[in-house]
Amino acid sequence: MWHIIQTSTPQLLEAGFKYTIPIAIVSFIIGLIIALFTALIRLSAKRGAFLVLKAIFRFYVWLFRSTPLLVQLFIVYFGLPYLKIKGIFPNGIQLNPVVAGIITFSLNTGAYCSETIRASILSIPEGQWEAAYSIGMTKSVVLRRIILPQAIRISLPPLANSFISLVKDTSLAASITIVEMFEVSQQIAAQNYQPLIMYSLVAVYYAVFCTVLTWLQGYLEKVTSRYVTTTR
Amino acid sequence: MLKLENVTKTFGNHKALKDVSTTFPENKTTVIVGPSGSGKSTLLRSLNFLERPESGHYYFDDLDIDLSKPVSSQTILNIRRHTEMVFQGYNLFPHLSVIKNVMEGPVQVLHQAKSKAHDQAALLLAKVGLAEKADVYPAQLSGGQAQRVAIARSLAMHPEYIFLDEPTSALDPELELEVLKVLLQIAKEKQSMIIVTHNLAFARQVADKIIFVEDGQILFDGSEHDFFATDNKRILDFISAMTFSDLEDD
């Protein structure tokens, strides 16, 4: 068994560092940008044509939270090549699997995280808005200087949850031909007929990655909470 | 000069302000008193548009605003840059140190250089007796200290008017005294202030003018002397109810 672990570890870690981790990090960063944008639009009090925009973003969040991630990956990678529109996409939309993966993971994470960010902004007391407005700040300055810095602290644990989920969900990318860590473990298991060892081993490496992220979360929570005094 | 004319404000079916007209003189302290739910906080919060009255006129220096028409956000921003609000619950920014709370407006709104804003903030904190607290976070302050920081934060903007909404209602008498001393000092320096308070002993000391509000209407609008010398039965009852523990012989 030791021999199997020794020989397969370099291949698994190579796939992990080449695909699993970069895909997770890039998707999460794009997802967060989408999430912040979505949350701010949905929280806006603007009326008129803006209501249509709000409805579109509400639909987006609903769509990505109500359908399985695996199905979303299949639609983007296997389905879009058949979306043939004359003049724009005469040959359908053919995406490199990594690009398809990052698009899908970003949109999926963005939908979930937008709800986290929206709730954390709503949790900041009304008095903070009133005090900032009374000083003469515009809404965008209030958000940037007063509300979001406090909302980040509150949203950190649930956002870390989403990131950790995403790291593990990248294993679904195996199904759209990306040779990430889980795909490599499947390939090795097919050769050495040791599925128990191989899948347990890859589980351990996912757990190691996620443990590092948990530590990072703890550190960030400490940094962002330095202004809070608690007796807990 | 700040002036209201026939201002009304309703919340659903409740008329919070009924046809209110009054003036708030410059370089003077106006105190608004009245029972709970009388509309005095609504009156104060209407002055910087935290509440939006639906009719009447609002005059501020050479601004003449018809409240029954839409008011541009630029106009509201302009009013807020020349007035400041101090809240019952302090509403300090918890993620910023005490001195950064005081610097925030000058730097972000008035676009002052950080070093200049810092020097001014240090002076203001010394003025309210909190120079040594500059680098702590608001969570480490007592209520009285937090409210004095909030006062320093408002002074940092050099406002034409400071509005104070029950600034000491959340404080025990000892902490209240710390805050009242600071306010008396500021009043002596001719800062225009409008204070909503339940503390009539303090009102007597600080007020140049008193407005008594009940049920969304102004029942009395005059000098501090005339208020306490009134023979209006309702106001006499109010004064005796509020001063059952008479604090004025100090």
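The legends below describe close-up views of a predicted model. Residues are numbered from 1 along each chain as its sequence is written, and chains are lettered from A and ligands numbered from 1 in the order in which they are written. In this predicted model, local features need pLDDT of at least 70 and side-chain atom pairs count only at pLDDT 80 or more, while totals for chains, interfaces and linings use all residues.

View 1. Residues 196-216 of chain A are 100% helix and 0% strand, with end C-alpha atoms 30 Å apart. For residues 62-80 of chain A the figures are 84% helix and 0% strand, and the end C-alpha atoms lie 20 Å apart. Helices (H or I, at least four residues) and strands (E, at least two) are DSSP runs, numbered from the N terminus.

**View 2. The buried side of helix α3 of chain A.** Helix α3 (residues 69-79) of chain A has Q72(A), L73(A), V76(A) and Y77(A) as its buried residues. These residues are on the same side of α3(A) because they cover an arc of only 110° around the axis; the arc is that of the directions from the helix axis to the C-beta atoms. A residue is buried if 20 or more other C-beta atoms, placed from the backbone, lie within 10 Å of its own, exposed if 12 or fewer, and partly exposed in between. The cover over the buried residues of α3(A) includes α2 (50-66) and α4 (97-122) of chain A.

**View 3. R47(A) in a loop of chain A.** The loop between α1 (2-43) and α2 of chain A holds R47(A). R47(A) is exposed, because 8 other C-beta atoms lie within 10 Å. From R47(A) to Q187(A) the C-alpha distance is 54 Å, at a sequence separation of 140 residues.

**View 4. Contact between chains A and B.** Chain A gives 18 residues to the contact and chain B gives 21 residues. On the side of chain A that touches chain B, α5 (126-135) and α6 (139-169) each supply at least two residues. The largest share, seven residues, comes from α5(A). Two residues are in contact if their C-beta atoms, placed from the backbone, lie within 7 Å.

**View 5. An open sheet in chain B.** Six strands with mixed pairing run in the order β6-β7-β8-β3-β9-β10. Strands pair if DSSP finds at least two bridges between them. Strands β3 (residues 29-33) and β8 (residues 192-196) of chain B are parallel over four bridges, and V31(B) has I195(B) as its bridge partner in β8(B).
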